[in-house]
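Thanks for making time for this one this morning. Let me put the sequence and the model up on the screen, and then I will walk you through what can be said about it.

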Amino acid sequence: MKDAIIILGGGVNHSGSLNKIAEARVEKGAELYHKGVADNIIVSGLLGITETSTFLEAEAESMKERLIKLGVPPERIWEEAKSRDTIENAFFCNLLYLERN
């Protein structure tokens, strides 16, 4: 089985960029990936709630874009963009992980 780092969404700003919480999670995930902790990263989150409660692109997509800028190869990033809360993050990440292994 392949190990995977899981990064849960943390929200986006009104501009559509990751908020500070999500950005910190993504940066830590990239750091762990580059240290060789796991072969892959799962980014998880459907709804990126902004300060005005408007939904933009899936948080998973925003996090993937940032990880790529941090040097993580796109093929090493698995997107889970169905979850709307933490329980669903766990459920859908588990399904994705099992599908890939």
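The protein exposes about 5,800 Å², and carbon and sulfur atoms supply 54% of that area, where accessible areas come from the Shrake-Rupley method with a 1.4 Å probe and, for residues, only the protein chains shown count as cover. Please keep in mind that this is a predicted model, in which local features need pLDDT of at least 70 and side-chain atom pairs count only at pLDDT 80 or more, while totals for chains, interfaces and linings use all residues. Residues are numbered from 1 along each chain as its sequence is written, and side-chain values use heavy atoms, with hydrogens and water left out.

Now the overall layout. There are three helices and three strands, and from the N terminus on they run β-α-β-α-β-α; helices (H or I, at least four residues) and strands (E, at least two) are DSSP runs, numbered from the N terminus. Of the 101 residues, 40% are buried, a word that stands for under 20% relative accessible area, with exposed meaning over 50% and partly exposed in between (1.4 Å probe, protein chains only).

Let us turn to helix α1, residues 20-34. Which residues of α1 are buried? They are Ala22, Glu23, Val26, Gly29, Ala30 and Tyr33. These cover an arc of only 125 degrees around the axis, which puts them on the same side of α1, the arc being that of the directions from the helix axis to the C-beta atoms. Their cover includes β1 (4-8), β2 (40-44) and α2 (59-69). Following α1 comes Gly36, whose phi is positive, near 85 degrees.

In helix α2 we find Lys64, which counts as buried because its relative accessibility is 18%. Leaving aside residues up to four places away in sequence, Lys64 touches Val43, Pro74, Ile77 and Glu79, where contact means heavy atoms within 4.5 Å.

Finally, the aromatic rings. A search of the whole structure finds one aromatic pair. Phe91 and Phe92 form this edge-to-face pair, at 5.1 Å centre to centre and with 80 degrees between the planes; rings of Phe, Tyr and Trp (its six-membered ring) pair if their centres lie within 6.5 Å, and planes under 30 degrees apart count as stacked, over 60 as edge-to-face and the rest as tilted.
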